[in-house]
Amino acid sequence: MIDALGHHLCYGALQDYLTGEVLPDTDDERIRQGLARLLVERLGYGKHELEPRLTIDTCYNGNRTQTLIELTVRVKGRRLFIVRYGPGSLVTREKAALAAARLLDPDYRIPLAIVTNGRDAELLETARGRVLAAGMACIPDRNRAETLIGECVFEPFADLGRRDQALRILNVFDQKECCCDNSCPKDVY
């Protein structure tokens with residue numbers, strides 16, 4: 001049965017590939033699950049190396065926003081990159097992905113971020129925000145991650161002005177104001 005939740009079609013429920021948790025079965029969630037499968041089954045990561053659905057909470061001018069990081073990849077105990085999914089243009093997702101990677105771990109800036117719409121992707125370095133590569137093949141496989149973990153710098157993101165700017169970016173870019181009467185269920189995202 002198809003259930004319309006606001007502007008999302010919900011086909012029922014599905015089981016999360018990584019955790020077994022039951023989630024709403026939406027088109028976006030199917031793509032998220034496909035990304036997790038890609039990382040494990042084709043790119044060689046262990047399920048234990050992937051952290052699904054981590055969040056960052058922000059509040060500015062009374063606007064509370066929760067940023068979802070679809071997947072975070074941890075190699076040798078360190079978070080190497082995040083994966084942010086969203087339909088449409090990748091360019092519009094870059095700033096929020098960079099901000100999330102800079103803030104998620106309190107001890108250091110996660111050095112890489114990936115933005116994807118499920119069909120295309122960009123690999124970003126988070127120190128300067130440059131696009132390093134494009135296309136789904138830019139997502140590093142587990143062997144490449146072994147090399148990257150030794151090459152990347154895991155430095156603190158301590159500048160208070162830049163931290164505040166990154167928090168504000170997340171608050172604006174990830175705000176969910178989608179329905180005219182603001183009645184979208186927030187747990188569908």
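In what order do the elements of the protein run from the N terminus on? I read the order off the predicted model. It is β-β-β-α-β-β-β-α-β-β-β-α-α. I noted the totals too: four helices and nine strands.

**Entry 1: overall burial and contacts**

I looked up how much of the chain is buried. Of the 189 residues, 48% count as buried.

**Entry 2: aromatic pairs**

I searched for paired rings. The count came to two aromatic pairs. I took Y45 and F81 to begin with. Their ring centres are 6.1 Å apart and their planes stand at 80°, so I logged the pair as edge-to-face. The cut-off I needed here is over 60 degrees. I then placed both residues in the chain. Y45 is in the loop between α1 (27-42) and β4 (50-60). F81 belongs to strand β6, residues 78-85. Y45 and F81 are each buried.

Next I took Y108 and F154. The ring centres lie 5.3 Å apart with planes at 85°, so this pair is also edge-to-face. I found Y108 in the loop between α2 (94-103) and β7 (112-116). F154 sits in the loop between α3 (142-151) and α4 (160-173). They are 46 residues apart, and the pair links distant parts of the chain. I checked burial here as well: Y108 and F154 are both buried.

**Entry 3: charges over rings**

Which ring does the charged end of R78 sit over? I found the ring of Y108, with a distance of 5.0 Å to its centre. Y108 also pairs with F154, as logged above. I recorded a further case at Y17. The charged end of K47 sits over that ring, 4.3 Å from its centre.

**Entry 4: α2 against α4**

I went on to the helices. Two packed helices are described by the angle between their axes and the distance between the axes. The axes of α2 and α4 come within 9 Å and cross at roughly 130°. That angle makes α2 oblique to α4. I noted the handedness: α2 passes α4 in a left-handed crossing. I then listed who makes the contact. From α2 come K95, A96, A99, A100, R102 and L103. From α4 come R162, R163, A166, L167, I169, L170 and F173.

**Entry 5: D107**

Is D107 buried or exposed? Its relative accessibility is 58%, so D107 counts as exposed. I placed D107 in the loop between α2 and β7. I also checked D107 against E155, 48 residues away along the chain. Their C-alpha atoms are separated by 7.9 Å.

**Entry 6: positive phi**

I looked for positive phi in residues other than glycine. R53 has a phi of about 55° and is not a glycine. R53 is in strand β4. At 25% relative accessibility, I logged R53 as partly exposed.

N61 also came up, with a positive phi near 50°. Where does N61 lie? I found N61 in the loop between β4 and β5 (63-75). N61 has 77% relative accessibility, so it counts as exposed.

Definitions and conventions:
Residues numbered from 1 in each chain as written. Predicted model: local features only at pLDDT ≥ 70, side-chain atom pairs only at ≥ 80, totals over all residues. Heavy atoms only, no water. Phe/Tyr/Trp six-rings, centres within 6.5 Å; stacked < 30°, edge-to-face > 60°. Helix = DSSP H or I, 4+ residues; strand = E, 2+ residues; numbered from the N terminus. Buried < 20%, exposed > 50% of the residue type's maximum accessible area, 1.4 Å probe, protein only. Lys NZ or Arg CZ within 6 Å of the ring centre and 35° of its normal. Axes fitted to C-alpha atoms, helices over the stretch in contact; angles between N-to-C directions. Parallel < 35°, antiparallel > 145°, perpendicular 65-115°, else oblique. Left-handed = near helix turned anticlockwise from the far one by under 90°. Contact = heavy atoms within 4.5 Å.
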